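Student: Could we go through this structure together? I would like to begin with the overall picture and then turn to individual elements.

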Amino acid sequence: MVKSTTKDAQDLFHSLRSTYVATPTNLKIIDLYVCFAVFTALIQVAYMALVGSFPFNSFLSGVLSCIGTAVLAVCLRIQVNKENKEFKDLAPERAFADFVLCNLVLHLVIINFLG
Amino acid sequence: MGGKSEPAKSESMATTTTSPDLINSSFFSFKSLKLKTKQQELLLRIAILGLVYILAFIARLFSVLRYESMIHEFDPYFNYRTTLFLTEKGFYEFWNWFDSESWYPLGRIIGGTLYPGLMVTAALIYWALRFLRFFVHIREVCVLTAPFFASNTTLVAYFFGKEIWDTGAGLVAAVLIAICPGYISRSVAGSYDNEAVAIFALLLTFYLFVKAVNTGSLAWALGSAFGYFYMVSAWGGYVFIINLVPLYVLVLLITGRYSMRLYIAYNCMYILGMLLAMQIRFVGFQHVQSGEHMGAMGVFLLMQVFYFLDWVKYQLNDTKLFQTFLRITVTSAILVGGIALGVGTASGYISPWTGRFYSLLDPTYAKDHIPIIASVSEHQPTAWSSFMFDYHILLFLFPAGLYFCFKRLSDATIFIVMYGLTSLYFAGVMVRLILVATPAVCLISAIAVSATVKNLTSLLRTKQKVSQTGSTKGAGSSKASSKVTLDQSQPFQKNGAIALLVGVFYLLSRYAIHCTWVTSEAYSSPSIVLAARGAHGNRILFDDYREAYYWLRQNTPTDAKIMSWWDYGYQITAMGNRTVIVDNNTWNNTHIATVGRAMSSNEDEAYEIMRSLDVNYVLVVFGGVTGYSSDDINKFLWMVRIGGGVFPVIKEPDYLVNGEFRVDKGASPKMLNCLMYKLCYYRFGELTTEYGKPPGYDRARGGEIGNKDIKLEHLEEAYTTSNWIVRIYRVKPPTNRL
């Protein structure tokens with residue numbers, strides 16, 4: 001039972017890896033950005049666990065800016081991905097402009113909230 | 001327009017076998033007709049919307065025309081006072097305001113405990129008008145804010161109806177919501193309360209969110225996040241949005257309608273909306289700490305899981321592997337989420353649902369545990385008559401609209417169905433929430449009306465066209481022939497359609513008449529000026545409240561402290577400009593219970609309490625002379641209950657006789673000697689109020705009072721208004737001790 005699940009997991013891992021190599025470069029860049037943002041958020045949470053959460057608004061604004069930009073990047077990835085049939089008539093420039101605008105609003109609010 | 005395209009189709013089908021000349025000429029005339037029709041249609045729509053805009057505004061102006069341009073009721077006076085402060089002192093002072101004039105001696109942090117949306121909106125309109133050199137008084141702006149935003153709501157309703165169904169439904173929705181009594185009740189001119197702006201923000205947020213889900217555009221989702229921010233800044237009812245939207249997303253996920261557009265719309269709105277909402281100090285960190293907001297976070301995490309699974313499924317292209325992966329991920333996600341929620345709730349980090357919202361889920365909770373919430377008349381469960389009064393024909397058009405929505409299910413119609421059903425449930429629990437259900441009911445009813453009228457008119461039109469061209473064609477298509485046979489077998493179908501259309505027209509006109517009557521009779525009273533009919537049918541106005549407040553303003557020292565029941569607190573600070581002990585904010589139950597205890601005790605004990613609170617004047621409202629039934633004697637039992645909730649020395653059965661509340665000779669001795677009784681009925685025993693009745697006849701209770709010979713030891717009468725409605729007493733300083 002354990003052996004079959006580990007073999008399944010290995011198969012899973014290999015097939016995922018092989019198909020991922022085939023994705024276009026711009027999507028890989030966006031994925032890298034998302035991973036970086038999530039990693040930064042995790043570092044902040046670990047730091048909060050060490051030193052305590054005062055002031056809470058600063059902690060929240062830091063974590064939410066990372067999560068927020070990660071989520072917005074995922075939305076950009078969805079809209080730019082040529083294999084998504086729902087968005088084939090959306091220009092990638094428009095998607096990027098929306099992404100920049102939302103990030104601008106996000107970071108303006110974060111700056112106000114940072115204290 | 002569906003009606004127009006159908007005859008075009010049948011015409012083109014019927015004329016396929018006729019000569020080319022006929023095609024060319026009919027096609028050409030139809031083409032030129034179509035251009036003009038489109039422009040005519042646009043003109044018609046703009047004209048209708050313009051008229052609806054004006055109608056929504058002027059339908060709410062009854063009280064301004066009958067009385068004067070003044071602020072109504074109790075809460076709007078606080079909003080008016082804060083808006084005045086904002087326009088005089090500026091935003092920084094407003095945002096950091098600590099008010100020492102209310103809740104003496106505690107004071108109130110106003111900057112951090114109000115929803116600033118309404119005040120900022122009115123101040124912006126005021127500054128905009130001043131910029132254009134219209135020097136209006138801020139009070140006029142405050143009075144007319146609600147009708148202005150009601151007009152804007154009709155526009156949003158039009159666009160929302162267009163998004164859900166089509167332009168016809170949008171137009172009907174705009175008309176229905178312009179005059180619906182459920183909405184008018186809280187947005188008449190003068191009702192300067194949070195709901196005036198909040199319903200506009202609510203509908204705007206929902207419209208922008210549904211638009212974002214339909215288009216999958218990040219820009220619309222950003223718009224809905226801003227709409228949500230406006231809603232959070234305007235009203236505490238934003239909790240409805242932050243629970244309905246995740247519930248809707250959950251329903252879509254369960255029914256298998258997950259899509260990328262949904263992901264984009266919800267995530268952008270949630271993150272940005274949450275961040276923007278936390279900028280309001282009163283809301284603070286509730287979005288991550290309160291149990292009422294956890295549903296949104298849970299759905300957010302669920303969406304991430306869904307997206308991840310979707311992506312993995314797409315990458316793998318192999319179902320067996322994916323199934324195992326699915327099993328592992330879903331079980332682990334649910335496990336982690338459950339553990340986190342459990343730990344958070346058990347450790348107390350995630351606060352449970354607060355009393356105000358918990359009483360919506362369990363309506364009996366407030367009566368047993370929180371008497372202050374239970375005592376407000378707006379929080380009582382709704383009777384059927386209220387539903388009929390506020391909705392009229394919309395009440396049975398609502399299920400018809402639900403039927404149409406279920407026939408044509410899409411993401412948008414699922415949303416409006418959920419909004420309608422959940423808001424109607426809450427409207428049944430609390431009268432005040434009929435307001436929140438009104439836009440949903442209007443929209444769904446509009447769908448019913450629009451779809452029915454469209455079907456009936458297309459029935460009329462198709463019949464005419466086919467009967468004309470049926471004779472000219474030869475073989476024809478089966479569809480046209482079936483229509484011809486239909487026509488011959490049921491020749492009265494056209495007449496039936498006409499009769500039904502007349503019926504619909506009659507219903508809608510009765511609705512308009514009912515709405516206007518309800519607005520005029522029931523919802524246009526300012527509550528601060530009372531009106532009655534004299535002996536000759538002329539109107540008599542009782543302006544006692546304002547008379548008393550202006551007396552306070554002009555005849556008491558500026559640092560005087562007024563004790564009254566919390567209903568009148570806002571009005572006293574706004575119009576009388578004096579410090580009060582408790583007001584309508586009701587944030588400190590113990591303080592209110594202290595006042596309740598003072599009112600229910602005998603004069604000596606009450607004097608002790610009043611000395612401890614530095615009270616200089618006591619204000620009571622008495623309706624015995626005029627028959628006014630919302631006076632303090634009728635509210636007295638609530639004072640006893642609230643006081644008794646904190647000080648067990650006050651026991652409610654002491655004031656009742658056999659469970660009955662009486663003020664005549666048979667009343668309990670504790671009742672006959674309490675401060676409230678003495679203050680209300682002082683010198684009343686000498687007054688003859690009604691012809692043929694003994695002196696001291698209380699017209700509001702319908703009985704002769706018990707204790708007519710009242711002597712006051714520690715207080716003296718300062719002022720009684722001309723109709724005895726408001727009575728003010730001065731607290732005498734302690735006698736000199738030797």
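Tutor: A contact here means heavy atoms within 4.5 Å. The model is predicted. In chain B, residues 24 or more positions apart account for 72% of the contacts with a separation of 6 or more.

Student: What does the secondary structure of chain B come to?

Tutor: Chain B has 32 helices and 11 strands. Its C-alpha atoms fill a box of roughly 120 × 75 × 60 Å along the principal axes.

Student: And how much of chain B is buried?

Tutor: Of the 738 residues in chain B, 52% are buried. The accessible surface of the chain comes to about 33000 Å², and carbon and sulfur atoms contribute 62% of that surface.

Student: Let us turn to α28(B). Where does this helix run, and what is at its start?

Tutor: Helix α28 of chain B covers residues 589-600, and B:Ser600 is found in it. At the start of α28(B), a side-chain oxygen of B:Asn588 comes to within 3.2 Å of the backbone nitrogen of B:Thr590.

Student: Is α28(B) enclosed or open?

Tutor: It is largely enclosed by the rest of the structure, because 9 of the 12 residues of α28(B) are buried. Among them are B:His591, B:Ile592, B:Val595 and B:Met599.

Student: What span should the helix have?

Tutor: At 1.5 Å a residue, the 12 residues of α28(B) should span 16 Å. The end C-alpha atoms are 16 Å apart, so the two values agree.

Student: What surrounds B:Ser600?

Tutor: Leaving aside neighbours within four places in sequence, B:Ser600 is in contact with B:Phe636, B:Met639, B:Val640, B:Ile650, B:Tyr655 and B:Cys674. B:Ser600 has a relative accessible area of 1%, so it counts as buried, the cut-off being under 20%. A polar atom of the B:Ser600 side chain also lies 2.5 Å from the backbone oxygen of B:Gly596.

Student: Which annotated feature covers residues 562-619 of chain B?

Tutor: UniProt, in an unreviewed entry, places the feature "domain: STT3/PglB/AglB core" at those residues. Over residues 562-619 the chain is 52% helix and 12% strand, and the end C-alpha atoms are 7 Å apart.

Student: Changing topic: how many disulfides does the structure hold?

Tutor: There are 0 disulfides over all chains.

Student: What about α12(B): is it mostly covered or mostly open?

Tutor: α12(B) is mostly covered, with 12 of its 17 residues buried. The buried residues include B:Phe240, B:Leu244, B:Tyr248 and B:Leu252. The helix, residues 238-254, should span 24 Å at 1.5 Å a residue; its end C-alpha atoms are 25 Å apart, which agrees.

Student: What follows α12(B)?

Tutor: B:Gly256 follows α12(B), and its phi is positive, near 75°.

Student: Finally, where does B:Ala451 lie, and what does it touch?

Tutor: B:Ala451 lies in helix α23, residues 434-469 of chain B. Not counting residues up to four places away in sequence, B:Ala451 touches B:Trp165 and B:Phe404. The C-alpha atoms of B:Ala451 and B:Ala169 are separated by 7.6 Å, although the residues are 282 apart along the chain. B:Ala451 counts as buried, at 7% relative accessibility.

Key
Residues are numbered from 1 along each chain as its sequence is written. Chains are lettered from A and ligands numbered from 1 in the order in which they are written. This is a predicted model: local features need pLDDT of at least 70, side-chain atom pairs count only at pLDDT 80 or more; totals for chains, interfaces and linings use all residues. Side-chain values use heavy atoms; hydrogens and water are left out. Helices (H or I, at least four residues) and strands (E, at least two) are DSSP runs, numbered from the N terminus. Buried means under 20% relative accessible area, exposed over 50%, partly exposed in between (1.4 Å probe, protein chains only). A polar contact is a pair of N or O atoms within 3.5 Å; within protein, one must be able to donate a hydrogen and the other to accept it, and residues adjacent in sequence count only if both atoms are side-chain atoms. The expected span of a helix is 1.5 Å times one less than its number of residues. UniProt positions are given in the numbering used here, feature names are shortened, and annotations may be inferred rather than shown by experiment. A disulfide is a pair of cysteine sulfur atoms within 2.5 Å. Accessible areas come from the Shrake-Rupley method with a 1.4 Å probe; for residues, only the protein chains shown count as cover.
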